Structures are given as C-alpha cells and as structure tokens.
Amino acid sequence: MIKAVISGTGLYTPPATISNEELVVAFNTFVERHNASNAEAIERGELEALQPSAADFIEKASGIKRRHVIDREGILDPERMAPHIPERSNDEPSVQCEMAVTACQQAMESAGRTAEDVDAVIVACSNMQRPYPAVAVEVQQALGIDGFGYDMNVACSSATFGLQAAVNAVENGTARAVLVVSPEICSGHLNFRDRDSHFIFGDACTAILVERDSDVDAGKGFDILGTRLKTKFSNNIRNNFGFLNRADESGIGKPDKLFVQQGRKVFKEVSPMVAETILSHLESLSLTPDDLRRLWLHQANLNMNQLIARRVLGRDATTEEAPVILDEYANTSSAGSIIAFHQHQDDLASGDLGIICSFGAGYSIGSVVVRRR
C-alpha cells in the first residue's frame, strides 16, 4: 500500500513589514480626518464618531506585534489604506505565481527534488487573484512541471484541505509527488479602516511537497498518519467580493466586499469545534493527546490557540508544544499553521508525533496528524 509523506516545506516572506505602532498611526490619522470632515453630522447624531486604535490593544486582543506585507506604503497612506500592487501584463508572472515559485523551489530543494520529480501543483489559499486560468497551472508551467494543477479555496483551511487532496493523489497513484502551495495576500482583502480588524492579517506563501513513502529515504520527512476535514456553514466570517458584484452597482465598494467577521461569535463557536475535531481524530488513530509532541495550530489569535491547546491537552501548552508565529506574521490565513510547521520541526526526533490544524471561515477545520520518520 502506498502511503504519503511530507518530504519538504518552503516559505516566502515578503520583505516589507508594518509594526502595530505604524499601523495605528495611519489608522488614527484616518480617524481624525474622518471625524473632522464629518463633525457637523456627528454633532447632530446622524453619524457615529470613529474611535482610535492602539498598539497595546492590538497585541492584547490578538498576540500580533507586526506583519509582513507585499506593499506597506499604500496601507500606511491614510488617504488610501490599501496595498498598491500594480497590475501586470498577461505575459508577466502573476504576483501569486511569483510568491508560489519561490516557496515551491524551497520545498523541492529541502526534499532533494526537482520539477521532474513532481506531477501536480495545488494552489490552495483564501483568495485567488483571478478566476482563470488557474494560478496552479501558471505555477506548474513556471516551475517546469509536466503534469496537472488546480486551484482550491476553503479560506483559512485551504492548505490542510489541499494536503488531504495531495495525500489522495499520491496514495491512489494519480501522482508521485504533489506540491501544495498557499500564496496568501491577505492585505488585499483586509479593511484597514475597520478598527476591529485592521490589524489582523499579513502576507506570506507556504509550500509543502507530498510524496510516496517508498521514494523518501528513511529518517527523512514526516509520515502522514491521517487527515480529517470538517465544515459547518456560518456567516460569522465572510467576504462577498465576487464576479456578480457588477450585477448590482449598489453593493460596489461596500464593507462586506472585504473581510468581515463577528469575532466573539467565532471565538465561542470555533474553539470547541476545533478541540473536539482534534480529539476525535486522535482517538480514531488510537492516539491520545499525551502522544503529541507538537501542535502546529492556525495562527489567527493567540488567546484562541491557547484555549484550543488547553482543551486538547487538559492543561496549558508550552510555546514549544504549541509554537507561535503570529507575533511576527499576524494571521496569514491558510499559510499560518504551515509556517509554524516549517519553522518548528527541526528539533523533533524520529517517532515524534504532531498535528497540523487549521480553522476558519466556512466554518472549516482541517487536521493532519504526522510522525517524524
């Protein structure tokens, strides 16, 4: 029987960064200008005054200290407050393709593989920059892979759902090796004028190479012991941007065409679902929480991760057991748990067990149990 193995990982990190303090200066300048220009309407009670943000509030609420972004100048311009990413001609590599190629090359290099060894590319992330042709097919061509590619979107769980698809392709013989790549440009769908969420996201791209166990040398990579996927419909995290927006002009530019969420409801509803999914997944594999050396959790909110780890382990997790990259990267949607896995795996010994788990809009939860070979 063919079994799937994670043989390599890669990470592209945009060089530009924005600290909480820098973000707050831009946001508060916008707030001051907005309130000044609407002073009469605010005084009449026709409009509510916007409230300023604060760096210590952001860190306390989320655990985020800074974020990497594709473009910082546009985000920090109080008149714009959105990244400036110029359109490219159809003959140039797309932005997501460019990010993906860098991460994929790292993943292949870490596994000792070349494009000739790979048969498929899955681009799995929360937003694609175009409907078609698939970004995955563009990445496939840019890497020189002779095979197939397709895009998929399950919001913050895209990477783990993509891992499931890659495992299926490898284990049923459709492909020898599959790259799962997540070019997340989250700054593009974030409303930087919303006090409750303007600090949440950053940009990054991860890549994972999944291969047949027989092709990976003993002692290298991670055996994939099992995957589990779960979805439950909810409007509490939503983005209504899409090709039908032009069919009703009244909705163009409205806040719901960017990221919106009801954070307290998400925290209350998703946290127990994630813990229950992890525990039932472990039980189905005849494992217990005590068997886990590491939890690579979705990096959306530090308090949420700590609560989930506590529910799974029955105690507070150490930072070694549940590593955090949120402070440096912020929420990078589906890339978050993979960044944690990429950066916090080298110290594991042969036989050590861990779980990669993502969760978010949908609601969606993806759980992948792995064992160091």
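**Salt bridges, cores and a pocket**

Hi everyone, let's start with a pair of charged side chains: Glu-320 and Arg-294 form a salt bridge, and their closest N and O atoms are 3.6 Å apart. Before I go on, please keep in mind that this is a predicted model.

So where do the two partners sit? Glu-320 is in the loop between helix 9 (302-313) and helix 10 (326-329), while Arg-294 belongs to strand 11 (residues 292-297), so the pair links distant parts of the chain, 26 residues apart. Glu-320 counts as partly exposed, because its relative accessibility is 43%. Arg-294, on the other hand, is buried, with a relative accessible area of 2%.

In total, the structure holds 22 salt bridges. Let me show you another one, between Glu-211 and Arg-113, where the closest N and O atoms are 2.7 Å apart. This pair also links distant parts of the chain, with Glu-211 in strand 7 (residues 203-212) and Arg-113 in the loop between helix 5 and strand 4 (120-124), 98 residues apart. Is Glu-211 buried or exposed? At 2% relative accessibility, Glu-211 counts as buried, whereas Arg-113, at 22%, counts as partly exposed. One further pair is Glu-138 with Arg-130, whose closest N and O atoms are 2.8 Å apart. Glu-138 is buried as well, at 18% relative accessible area, because the cut-off for buried is under 20%.

Now for the nonpolar side. In soluble globular proteins, nonpolar side chains tend to be buried together. Here the largest nonpolar core has 50 residues, and the ones touching the most other members are Val-274, Ile-278, Ile-308 and Phe-359. Helix 8 (residues 263-284) gives this core its largest share, seven residues. If we skip neighbours within four places in sequence, Val-274 is in contact with Ile-308, Cys-357, Phe-359 and Ile-365. Apart from this core lies another, of 36 residues, including Met-152, Val-154, Leu-163 and Val-370.

Last stop, the second largest pocket, with a volume of about 270 Å³. By class, the lining has five nonpolar, seven polar and seven charged residues.

Definitions and conventions: Residues numbered from 1 in each chain as written. Predicted model: local features only at pLDDT ≥ 70, side-chain atom pairs only at ≥ 80, totals over all residues. Heavy atoms only, no water. Core = buried A, V, L, I, M, F, W, Y, C linked by side-chain atoms within 4.5 Å. Buried < 20%, exposed > 50% of the residue type's maximum accessible area, 1.4 Å probe, protein only. Helix = DSSP H or I, 4+ residues; strand = E, 2+ residues; numbered from the N terminus. Contact = heavy atoms within 4.5 Å. 1 Å grid on protein atoms, 1.4 Å probe; cavity = no way out; pocket = protein on both sides within 12 Å on 5 of 7 lines; lining within 4 Å. Points joined across faces, edges and corners; volume = space filled by probe spheres on them. Nonpolar A, V, L, I, M, F, W, Y, C, P; charged D, E, K, R; others polar. Salt bridge = Lys/Arg side-chain N within 4 Å of Asp/Glu carboxyl O.
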